[in-house]
Structure formats: structure tokens, C-alpha cells
Amino acid sequence: MTMRKEYGPFGCVVLDPDWAQPSRAQRGGRDDRFDERVRLYLVGVAPLVIAELRNAGPGEVERLRVEAANELGSHGDDLQYGGRHQASSRTALATGFGILAYADGGVTAFGVHACTTPHEGCPGARHSAGSPAVGGDGRPI
Ligand SMILES: [Zn+2]
């Protein structure tokens, strides 16, 4: 990948302050805390994926992208409801999230934002305590 990496090896991965917990009706009546678990998982694992991708070439990124898309397309239900492919689908989600973090403006999904370079409107810049990579003024430190 040929892109700037101004946030350091782990990028900027933060909980989106604008995220709203889905209502019970939106969750199909489930109360299994899936949303919360996905958020915590991505906040913990996405920085590692971003770091792993730091020196990956375009061919490697494309291979990982295709594998993640195929895994989620085939076993996304296991990610949400459990099953034999839950671990691999969860890894595929983190891989996709890490790849998208390198896009302009990063990625925001499941109440988590990840990016690798400073950009306008970055939720990481709004955290008053700042992330490890962002100061209180929203600029990289
Ligand atoms: Zn950002």
C-alpha cells in the first residue's frame, strides 16, 4: 500500500460517539449483546490488523480482501448467531475493517471508527482524552 500512515502503526481506532445502541426491535428481539461484543472486538483487534497491513503489498491486500469477503458472504450468519465458522468470520470482519481503515476517511461501522491518517470529521479527534495517536485538539501527536 502506498499511503500516508500519520497515526502510527496501529492507526486510530475509537468507539464512535454518535453510535446509538440498536433498539430491541432493531435487534430482532435478541438481547444477546452482539452489538456490544462486536464493538469491543473491533476496538481491540482492528489496530492489530492495521499494523499487520502496514507493509502489505497491493497483491496481499487484495488476497486478504477477497478472502474476507468470501468468508463473510458464506458464514456471516455464524458471526452473528454462532456456529462452526464464528471465529473465522470474526477474523474476516476485523480484516475487512483493517483494510477499510486505509481508505480516505477510514471506516465507521458497528459503532467503531478506524482510520490511518487524519481527516476532517474524524471521531477520534472528538475524544476529549484523545486516543494514543490523537491529542485533544484532534491533531496527531
Ligand atoms: Zn478517522
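Visitor: Among contacts between residues at least 6 apart in sequence, what share joins residues at least 24 apart?
Guide: This is a predicted model. Take the contacts in the protein chain between residues at least 6 apart in sequence. Those joining residues at least 24 apart come to 64%.

Visitor: Which pattern does the protein chain follow along the sequence?
Guide: The secondary structure comes to three helices and three strands. Read along the sequence, their pattern is β-α-α-α-β-β.

Visitor: What share of the protein chain do buried residues make up?
Guide: Buried means under 20% relative accessible area. The protein chain has 141 residues. The buried share is 38%.

Visitor: Which element gives the largest share of the largest nonpolar core?
Guide: This core has 21 residues. V13, L42, I50, L53, F97 and A114 touch the most other members. Two or more residues each come from α1 (34–53), α2 (58–81), α3 (86–101) and β3 (112–115). The largest share, seven residues, belongs to α1.

Visitor: Which residues does I50 contact, leaving aside neighbours within four places in sequence?
Guide: I50 is one of the core residues that touch the most other members. Set aside its neighbours within four places in sequence. The contacts of I50 are then P9, F10, G11, V13, G98, A101, Y102, A114 and T116.

Visitor: What arrangement do the four donor atoms around the zinc ion make?
Guide: The zinc ion is coordinated by H113 (NE2), C115 (SG), H119 (NE2) and C122 (SG), at 2.0 to 2.2 Å. Four donors count as tetrahedral if all angles lie between 85 and 135 degrees. Here the angles are 103 to 114°, so the arrangement is tetrahedral.

Visitor: Which spacing do the donors of the zinc ion follow along the chain?
Guide: The donor residues are H113, C115, H119 and C122. Along the chain, their spacing is H-x1-C-x3-H-x2-C.

Visitor: Is H113 buried or exposed?
Guide: The cut-off for buried is under 20% relative accessible area. H113 has a relative accessible area of 1%, so H113 is buried.

Visitor: How far apart are the end C-alpha atoms of α3?
Guide: α3 has 16 residues. At 1.5 Å a residue, α3 should span 22 Å. The computed distance agrees, at 22 Å.

Visitor: Which elements do the buried residues of α3 pack against?
Guide: The buried residues of α3 are S89, A92, L93, A94, T95, F97, G98, I99 and A101. They pack against α1, α2, β2 (107–109) and β3.

Notes
Residues numbered from 1 in each chain as written. Predicted model: local features only at pLDDT ≥ 70, side-chain atom pairs only at ≥ 80, totals over all residues. Heavy atoms only, no water. Core = buried A, V, L, I, M, F, W, Y, C linked by side-chain atoms within 4.5 Å. Buried < 20%, exposed > 50% of the residue type's maximum accessible area, 1.4 Å probe, protein only. Helix = DSSP H or I, 4+ residues; strand = E, 2+ residues; numbered from the N terminus. Contact = heavy atoms within 4.5 Å. Donors = N, O, S within 2.8 Å, 3.2 Å for Na, K, Ca; no water. Tetrahedral: all angles 85-135°; square planar, octahedral: opposite > 155°, others 65-115°. Expected span 1.5 Å × (residues − 1).
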